[in-house]
Amino acid sequence: MNFLTIGHRGVMGVEPENTLRSFVAAQQAGLDLIELDLHLSKDGALVVMHDAEVDRTTDGTGPIGEKTLAELRALDAGRGERVPVFEEVLDAVRTPLQAEIKDVAAARALAEVMCRRDLASRVEVSSFHDEAIAEIARLVPGARTALIASRYGTDVVERAMEAGASALCLNIRRLTLEVVEHARAAELRIIGWVVNSQDELRLVRALQLDGATTDYPDIKRTGRFTA
């Protein structure tokens, strides 16, 4: 089995999260996939940031949705980095991407880019929101999608199937063998998050997950051992 190592917001443990600097570092570290987060600006730009507000990761304040792209560009996102738009990331790295969307509006904006640039094979789309996943599946033929869950039971498998997802991205702190077996019976891939220690890596390997999302590139070097 090919165990995937996924860079969380790039390599957010060592570089400013969701910046081009972080994504390039993730690619240089040889991570198999790079995870990022998408929001819409006030003027409809697909910007890369995790939170709905800019306060935590920039020197600004306020909601992303109340700022234009030009206003977002004026902010420092860490070490002089600027808030990138999605297409800049596509051009900056070759590594496949996992793009997390927060709502249906972002799903529609992402679907437009994916169709225009033929990204169905390069970009997997993930979300906590079933309706956003279903919208991507409807708008982008052949799109690969993943349902994210933090607090969940075995019912997360049925949710993923109803939304048309082919994978689950699950909080490892709540992961059980019962959930894994239920997902396997439904032929769903399973990614565990966030895996930052050897003990956490041993857990996801023991459960025979398909991959791990990590803040640190070192996991790539140690992730090949068998538990």
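**View 1. Ser-127, a buried residue of strand 5.** With a relative accessibility of 0%, Ser-127 counts as buried in this predicted model. The residue belongs to strand 5, which spans residues 123–127. Leaving aside residues up to four places away in sequence, Ser-127 touches Glu-100, Ile-101, Ala-132, Ile-133, Ala-146, Leu-147 and Ile-148.

**View 2. The aromatic pair of Phe-128 and Trp-193.** One aromatic pair is found in a search of the whole structure. Its members, Phe-128 and Trp-193, adopt an edge-to-face arrangement, with 6.4 Å centre to centre and 80° between the planes. The pair links distant parts of the chain, as Phe-128 lies in the loop between strand 5 and helix 5 and Trp-193 lies in strand 8, 65 residues apart. Phe-128 counts as partly exposed, its relative accessibility being 33%.

**View 3. The cis peptide bond between Trp-193 and Val-194.** Most peptide bonds are trans. The bond joining Trp-193 to Val-194 is cis, with omega at about -15°. Val-194 is located in the loop between strand 8 (189–193) and helix 8 (198–206).

View 4. Gly-164 follows helix 6 and has a positive phi, near 85°.

**View 5. Positive phi at Arg-9 and at Glu-187.** Most residues other than glycine have a negative phi. Arg-9 has a positive phi, near 55°, and is found in the loop between strand 1 (4–8) and helix 1 (20–28). The phi of Glu-187 is also positive, near 60°, and Glu-187 is placed in the loop between helix 7 and strand 8. Arg-9 is buried, at a relative accessible area of 10%, whereas Glu-187 is exposed, at 73%.

**View 6. Arg-205 over the ring of Phe-3.** The charged end of Arg-205 sits over the Phe-3 ring, at 4.2 Å from the ring centre.

Methods: Residues numbered from 1 in each chain as written. Predicted model: local features only at pLDDT ≥ 70, side-chain atom pairs only at ≥ 80, totals over all residues. Heavy atoms only, no water. Helix = DSSP H or I, 4+ residues; strand = E, 2+ residues; numbered from the N terminus. Buried < 20%, exposed > 50% of the residue type's maximum accessible area, 1.4 Å probe, protein only. Contact = heavy atoms within 4.5 Å. Phe/Tyr/Trp six-rings, centres within 6.5 Å; stacked < 30°, edge-to-face > 60°. Lys NZ or Arg CZ within 6 Å of the ring centre and 35° of its normal.
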